[in-house]
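Here's a quick briefing to read with the model open beside you.

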Amino acid sequence: MPALAFSKEFLQKIKALLEEEKVRLTSELEKFARKSGHVEGDYDSAFPQYGDKEDENAAEVTEYATNLPLEESLEKTLRDVVQSLDRLTKNTYGICKYCKKPIDEKRLLARPTSSACVECKKTIVQEM
Ligand SMILES: [Zn+2]
């Protein structure tokens with residue numbers, strides 16, 4: 001097993017940040033969505049029920065349509081957070097997925113779900 005690229009203290013800080021973010025995202029999602037199945041971080045938008053009148057039905061559809069993209073973006077962030085926590089457990093956290101070098105600590109603190117270093121990210125953006 002390779003030596004850890006980061007100090008225990010740093011990783012603990014990151015873990016706390018990620019746990020906090022997970023709680024925040026989960027409570028956001030639970031305002032309008034239900035957990036679906038057994039997959040962690042997977043939610044379904046609940047279809048709102050206002051009534052059976054035409055304007056009520058229209059309001060339900062509007063709200064559902066507003067919630068869907070929000071649910072998707074919250075879910076995606078939550079998935080990133082869960083995956084980062086997973087990498088922490090496996091001691092692979094903070095390693096760039098492209099060049100396999102440790103990612104800058106400042107970058108990780110600012111964005112704990114980063115999985116690529118600044119240089120690789122730059123290269124990818126330029127190639128696109
Ligand atoms: Zn890299």
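This is a predicted model: local features need pLDDT of at least 70, side-chain atom pairs count only at pLDDT 80 or more; totals for chains, interfaces and linings use all residues.

Residues are numbered from 1 along each chain as its sequence is written. Average pLDDT (the predictor's confidence in each residue, from 0 to 100) is 90 for the protein chain, and 94% of the residues score at least 70.

**Overall layout**

- The protein chain has four helices and two strands; these are DSSP runs numbered from the N terminus, with helices being H or I of at least four residues and strands E of at least two.
- Going along the sequence, the order is α-β-β-α-α-α.
- The chain is more spread out than a compact globule, because its radius of gyration is 19 Å, well over the 14 Å from the globule rule for 128 residues. That radius is taken over C-alpha atoms, and the rule is 2.2 Å times the number of residues to the power 0.38.
- Along the principal axes, the C-alpha atoms fill a box of roughly 65 × 35 × 25 Å.
- Buried takes 20 or more other C-beta atoms within 10 Å of a residue's own, exposed takes 12 or fewer, and partly exposed is in between, with C-beta atoms placed from the backbone.
- Of the contacts with a separation of 6 or more, 50% join residues 24 or more positions apart; a contact means C-beta atoms, placed from the backbone, within 7 Å.
- Among the elements, H1 has the highest mean pLDDT (96) and strand S2 (residues 43–45) the lowest (84).

- Helix H2 (residues 54–89) runs for 36 residues and reaches 51 Å from first C-alpha to last. That's close to the 52 Å expected at 1.5 Å a residue, where the expected span is 1.5 Å times one less than the number of residues.
- Buried residues in H2 are Leu 74, Leu 78, Val 81, Ser 84 and Leu 85, and their cover includes helix H1 (8–30).
- The largest nonpolar core has 13 residues, and Ile 14, Leu 18, Leu 25, Leu 29, Leu 74, Leu 78 and Val 81 have the most contacts inside it. H1 and H2 are the elements that give two or more residues to this core.
- A nonpolar core here is a set of buried Ala, Val, Leu, Ile, Met, Phe, Trp, Tyr and Cys residues joined through C-beta atoms within 7 Å.
- Leaving aside residues up to four places away in sequence, Leu 74 touches Leu 25, Glu 28 and Leu 29.

**UniProt regions**

- An unreviewed UniProt entry puts "domain: Zinc finger DksA/TraR C4-type" at residues 92–122. That stretch is 35% helix and 0% strand, with its end C-alpha atoms 22 Å apart.
- UniProt (unreviewed entry) also gives "zinc finger region: dksA C4-type" for residues 96–120. Here the end C-alpha atoms lie 8 Å apart, with 36% helix and 0% strand.
- UniProt positions use the numbering given here, feature names are shortened, and annotations may be inferred rather than shown by experiment.

**Two loop residues to look at**

- Asn 91 isn't a glycine, yet its phi is positive at about 60 degrees. Asn 91 sits in the loop between H2 and helix H3 (105–110) and is partly exposed, with 15 other C-beta atoms within 10 Å.
- Lys 100, also not a glycine, has a positive phi near 65 degrees. Lys 100 is in the loop between H2 and H3 and is exposed, with 11 other C-beta atoms within 10 Å.

Note on methods. Two residues are in contact if their C-beta atoms, placed from the backbone, lie within 7 Å.
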